[in-house]
Amino acid sequence: MAAILDAAAISGLIASMLELSVPMAFAALGEVISERGGVINLGTEGVMLVGAISAFSASFFMHSNLFGVLLGAFAGAMIGLLMAFISITLKQDQILSGLGIYFLGLGLSGFLYEVLFSKIGSTIRIEGLEKLPIPVLSQIPIIGNSLFSQDIIEYLSFVTLVVVIFIIGRTTFGLSLRAVGENPSAADTLGINVAKIRYLAVIAGATLAGIGGAYLAISSHAFQAENITAGRGFIAVAMVYFGKWRPTRAFIGTFLFGAAYLLGSFFQVIGSIVPYYFLLMVPYLLTLVILVAIARKARQPTALGVPYTRESG
Amino acid sequence: MARLKITPKLEITRRALLTVTLIAYVASPLVVLAVLAAAGKSPIIALDALYRGTIGTVPGFAESIVQATPLMLLAIGLVIAFRAKVWNIGAEGQQVFGAIVVTWFVLPFLKDPWPSYVMIPIALLLSFIGGGLFAAIPAIMRSKLGINEVITTIMMNYVAIDALNWLVRGPFQDKSIPGSYPESPIFPQQYSLPIILSHSNVTIGIIISVVSCVLVYYLLFRTPLGYSIRAVGLNPSAAKTSGISVNRVVNSAMILSGGLAGLGGGVYILGITHELLPEQASGIGYTAVVVSLLGNVHPLGVIFASIFFGALISGMSSVERALQIPQTLSLLSQGIIIVLILIIQVFARYELKRA
Amino acid sequence: MRGIVKRFPGVIANDNVDFELRAGEIHGLLGENGAGKSTLMNVLYGFYHADEGTIDVFGKPALLRSPADAIKIGIGMVHQHLKLVSDMTVVENIILGLKSPKGFLTDVASAEKRISDLGEHHGLSVDPKAQIWQLSIGEKQRVEILKSLYRDARILILDEPTSVLAPSEVKGFFAALRNLKQTGIAIVLITHKLDEVMDITDRVTVLRKGRKITTQPTSSVDQQKLAQLMIGEEIPAMVAKSQTSADEVLLQIRHLRVFDDRGLEAVKDVSLEIRRGEILGVAGVSGNGQRELVQTTVGLRKPASGSITLHGGEITGKSTRSIIGFGVAYVPENRNEDGCVSDFGIDENLILKDFDKPPVCNTIGPQIPTFLNEKQIRSRAKQAIADFGIKATGPTAKARSLSGGNLQRLVLARELTGQPQLIVISQPTRGLDVAAAEYVRSLIVQQRNRGAAILLVDEDLAELVAVSDRLAVMYKGEIVGLLKPGQFRPEEIGLMMTGVKKMTLEA
């Protein structure tokens with residue numbers, strides 16, 4: 001007894017998928033920059049949380065979503081600075097630093113929410129962003145209403161993809177970044193400040209993750225500390241591996257993940273009896289399967305995860 | 001112009017490690033007090049509550065032990081993995097799966113339970129095996145395909161959490177009560193771990209945890225397997241050149257680590273909750289990573305660090321009650337403390353010199 | 001450079017060294033491994049900071065805090081381990097770190113042109129668009145030099161540049177250097193090879209154990225004099241070898257074919273045999289398949305085809321562990337990376353191969369290991385320290401704290417105890433001082449006298465000639481020469497090493 005699968009429902013699903021994936025897409029693009037420079041940031045989840053609470057607060061109190069996004073980006077940059085300090089300057093193990101940032105972000109965001117909002121009565125909601133339909137294209141049935149009628153941040157994610165590709169491939173910074181991630185010693189001997197490049201990479205990555213978190217809060221309209229990201233920061237890091245450290249592939253990966261994630265909703269819409277939470281496992285399992293499939297060809301930046309020290313003696 | 005330069009030490013002395021760890025222990029409660037003072041709360045009351053919640057009173061002390069128990073099991077399992085440089089971030093999923101396996105075993109025997117000295121050991125053994133099997137998947141993905149275990153174990157965490165959520169609302173759900181609650185039926189008394197401290201929740205779980213730490217000590221430092229684990233972690237190339245099978249070691253380390261995490265989940269469910277709940281996924285697997293670091297990835301250190309963290313969690317609850325502050329404050333303190341530990345630990349490995 | 005002092009934990013690398021370089025000269029910096037040559041030049045390049053001393057460049061005091069400063073005043077350095085990013089192109093590697101004429105955008109097109117021009121002008125042509133991993137070592141080196149020329153270097157430091165070149169390539173390389181000299185560039189050539197110094201340098205500075213010994217015009221010295229200055233003591237005599245009837249063939253390698261990590265054929269069709277009580281030396285420029293040959297023999301690499309038999313039994317493709325079990329010892333060339341675990345103590349390092357077997361491990365029955373036997377482990381360590389003269393604070397001293405020579409003693413103690421029947425050794429005396437090298441050589445010969453078969457791969461041709469019973473020469477994965485005693489002539493060997501000459505061998 002399948003329910004009717006009408007155009008509006010499909011359209012709605014696509015729109016949801018986009019909304020769901022965009023935060024991860026930003027975080028993944030940021031993580032690509034960071035990892036190409038040789039630093040893995042497991043704290044992306046925490047960064048997104050901080051970005052989310054910052055944006056949510058700014059949006060609620062200042063009634064400006066734009067300001068919310070900016071504050072989210074700034075907050076992300078600050079957390080990124082801390083991560084950079086611990087893992088680059090102090091040369092603490094990157095995995096551990098990342099997890100530390102995760103805990104910090106978790107605690108900070110929950111705490112700030114409590115402090116700022118607990119006294120304000122019941123429903124705390126913010127307005128989302130309005131959709132900006134692209135003329136002509138948005139008239140196309142089904143996808144016109146979703147793919148081509150997104151809000152500004154969603155469009156921005158695509159723009160960011162192009163910008164990131166451009167930066168990595170065509171700028172002097174991108175060249176230095178790649179060198180630092182592959183052979184930091186080579187960069188060092190040419191006078192490149194390895195630490196500085198890595199700092200910039202980590203901060204840039206965290207800024208994008210902050211924007212992702214900001215969008216998450218804005219599009220969710222409400223805020224629950226631990227549930228709002230639901231591991232999306234970690235997923236973003238996984239997508240970088242999935243995309244073999246190429247921006248486009250990581251980007252597409254996050255959307256595929258989002259689509260798989262909505263499989264649950266999809267099946268609910270068509271009235272299938274497969275349980276909802278069971279289907280939620282699908283994207284994670286799918287990621288694992290695909291990682292196995294591409295395993296042989298993936299090659300990570302050679303210096304990824306290793307703090308750099310100039311050899312002495 | 002004096003500039004500080006950070007240079008790696010030639011040899012990390014035990015004294016340096018201990019000093020640094022001690023500083024971390026002392027600094028942590030200070031952080032809590034500082035945060036509270038900043039929030040305008042009285043540090044005196046806080047300090048008193050902290051004291052009473054950790055070692056000052058029997059209930060406080062008991063709660064510290066209760067919190068420490070599953071943490072210790074997870075953390076000691078992580079010690080095995082980390083010594084092999086296998087980054088098992090999946091302790092969370094492994095402990096959840098351990099609890100799931102226990103539930104699966106217990107449910108058919110709700111009506112006619114066998115005596116506890118039969119059920120409990122079997123249940124705990126199954127939780128160990130379950131955790132180990134759950135960890136075997138990322139283990140094989142790393143050893144056969146070279147896929148980074150950080151990502152795979154994190155993915156498995158979410159698989160476990162989703163499985164948990166599905167099971168407590170589906171096949172494992174308690175259908176005997178009206179309404180639809182995401183929880184399993186409550187386990188009969190036979191399946192609870194015996195309590196060793198009257199009027200508290202302190203069970204033999206803590207004994208199991210400490211014994212596990214001792215066993216892991218012997219494993220790592222007195223057996224060939226432990227030797228090979230340490231060798232592979234310190235220099236996989238030299239280990240391979242000498243004929244050690246790095247894959248076998250990685251698999252063993254990962255599976256043992258998962259098994260102990262699963263056991264931790266089993267101890268948690270049989271000792272504290274007595275039913276399967278969504279709260280089983282409490283994030284303890286991630287905290288265990290930090291505990292293992294604070295314990296310098298050494299069994300003895302882990303015993304102390306787990307108790308310290310257990311006390312911290314218990315103490316923070318006590319502070320929350322005393323000062324009427326929300327739970328998020330302890331989450332914040334925990335986050336700050338963790339970052340602080342990471343920063344302080346660095347100084348054991350490096351020394352500051354004037355350049 | 002005046003009064004340069006550079007200390008590292010535990011050692012004084014440069015002890016009050018003066019160094020002077022003139023425009024348009026090729027200045028050789030000569031010394032043994034560890035004499036402080038690279039360190040001194042790294043100080044000049046700003047990579048290291050001197051603890052004491054001053055540096056003046058082009059008449060002005062120079063503050064060299066980092067390579068960026070050195071590059072700015074016109075100093076370029078080509079390191080011994082090439083600093084190139086494999087996945088990037090030649091152009092990208094060269095323009096790395098430079099300000100682009102197009103602001104923050106990279107200007108690849110104009111750079112390509114300039115690189116081509118520079119390359120042609122100096123006889124160092126390379127395809128700018130090629131990716132580094134595609135290039136030969138000689139070409140990679142050209143890229144390194146072009147890096148400095150692109151930055152208008154007036155001083156060029158070359159650290160052991162010929163260590164990766166075949167003798168014929170060296171000719172072309174030196175011609176290019178002479179060209180550069182003509183343009184007024186000053187070149188520092190760090191080397192430990194006496195013939196090179198005589199060939200191309202105008203002046204030579206000799207360093208020994210961190211101190212400067214002397215600076216002389218090359219015309220006023222000869223190889224013998226330089227050797228004396230370099231080593232400071234008599235070159236020790238060769239170790240006496242006893243007569244052995246090397247009859248029984250122990251190791252037989254037949255038509256071995258092995259691929260390297262990049263999927264290229266490293267060992268093409270190698271057949272060798274080694275008898276008991278015989279040392280078979282393998283000569284060749286590094287990178288011609290010796291490493292893959294050695295790895296395959298001890299089971300660290302699987303061959304594509306061919307067979308290896310030990311005492312008649314097939315060991316082709318078997319695991320390292322089982323091959324070790326047949327009595328095979330392996331002394332790897334990177335003793336720090338592959339030969340020992342730095343953070344383990346001497347005692348723990350000694351049991352690396354048999355930690356799960358008696359006597360160091362207790363067992364149930366013959367096979368099932370239980371616990372490590374601490375007493376046995378400790379006594380083994382004490383014995384090894386005594387027998388092999390390892391200088392350390394005790395049996396639990398960490399391997400990290402041992403000097404190069406003592407570390408090699410540790411590795412040898414582990415590998416040679418237990419009467420191995422086959423010993424595979426690679427670069428046994430690399431980085432060791434004269435006394436330590438002498439000791440190692442004597443140990444090797446001792447084992448040979450005892451009846452072990454020894455496969456010795458060595459870059460040090462003199463050592464190889466002194467110690468080997470027979471000598472094989474490897475070039476591009478093939479054995480191009482198999483010499484018996486009395487046939488060891490360095491010129492001939494050199495020609496074989498570069499593929500010019502090839503012996504016809506019995507099948």
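A: Two residues are in contact if their C-beta atoms, placed from the backbone, lie within 7 Å. This is a predicted model, so local features need pLDDT of at least 70 and side-chain atom pairs count only at pLDDT 80 or more, while totals for chains, interfaces and linings use all residues. Residues are numbered from 1 along each chain as its sequence is written, and chains are lettered from A and ligands numbered from 1 in the order in which they are written.

Let's start in chain B. Here I45(B), A46(B), A49(B), L50(B), R52(B), G53(B) and T54(B) belong to α2(B), and they meet a group from α12(B): A311(B), S314(B), G315(B), S317(B), S318(B), V319(B), A322(B) and L323(B). Sorted by class, the contact of α2(B) with α12(B) holds 8 nonpolar, 6 polar and 1 charged residues (nonpolar: Ala, Val, Leu, Ile, Met, Phe, Trp, Tyr, Cys and Pro; charged: Asp, Glu, Lys and Arg; polar: the others, Gly among them). The helix names count DSSP runs from the N terminus (H or I, at least four residues, for helices; E, at least two, for strands).

Now for the geometry. In chain B, helix α2 covers residues 43-56 and helix α12 covers residues 299-323; the two pack at an angle of about 135°, and their axes are 7 Å apart. That angle makes α2(B) oblique to α12(B). Axes are lines fitted to C-alpha atoms, for helices over the stretch in contact, with angles from 0 to 180 degrees between N-to-C directions; under 35 degrees is roughly parallel, over 145 roughly antiparallel, 65 to 115 roughly perpendicular, and the rest oblique.

Stepping back, chain B as a whole has 13 helices and 2 strands. Its radius of gyration is 21 Å, close to the 20 Å that the globule rule gives for 355 residues, so chain B is as compact as a globular protein of that length (taken over C-alpha atoms; the rule is 2.2 Å times the number of residues to the power 0.38). The C-alpha trace of chain B spans about 75 × 60 × 30 Å along its principal axes. Of its 355 residues, 55% count as buried (20 or more other C-beta atoms within 10 Å; exposed is 12 or fewer, partly exposed in between). Among contacts in chain B with a separation of 6 or more, 80% join residues 24 or more positions apart.

The crossing of α1(A) past α11(A) is right-handed. On the α1(A) side, the residues that take part include M17(A), L20(A) and M24(A), and on the α11(A) side they include F251(A), F255(A) and Y261(A). This contact of α1(A) with α11(A) divides into 14 nonpolar, 3 polar and no charged residues.

Chain A also touches chain B, in a contact of 36 residues from chain A and 37 residues from chain B. On the chain A side, α4 (94-117), α10 (232-242) and α13 (276-293) each supply at least two residues, and the largest share, 13 residues, comes from α4(A). By class, that side of chain A has 25 nonpolar, 9 polar and 2 charged residues.

Finally, there is chain C, with 17 helices and 23 strands. The contact between chain A and chain C takes 20 residues from chain A and 22 residues from chain C. On the chain A side, α7(A) gives the most, with 7 residues. Within chain C, P128(C) lies in the loop between α4 (108-122) and α5 (137-150), and P128(C) is buried, with 21 other C-beta atoms within 10 Å. H49(C) sits in the loop between α1 (37-44) and β4 (52-54) of chain C, and it is partly exposed, with 13 other C-beta atoms within 10 Å.

Terms used. Left-handed = near helix turned anticlockwise from the far one by under 90°.
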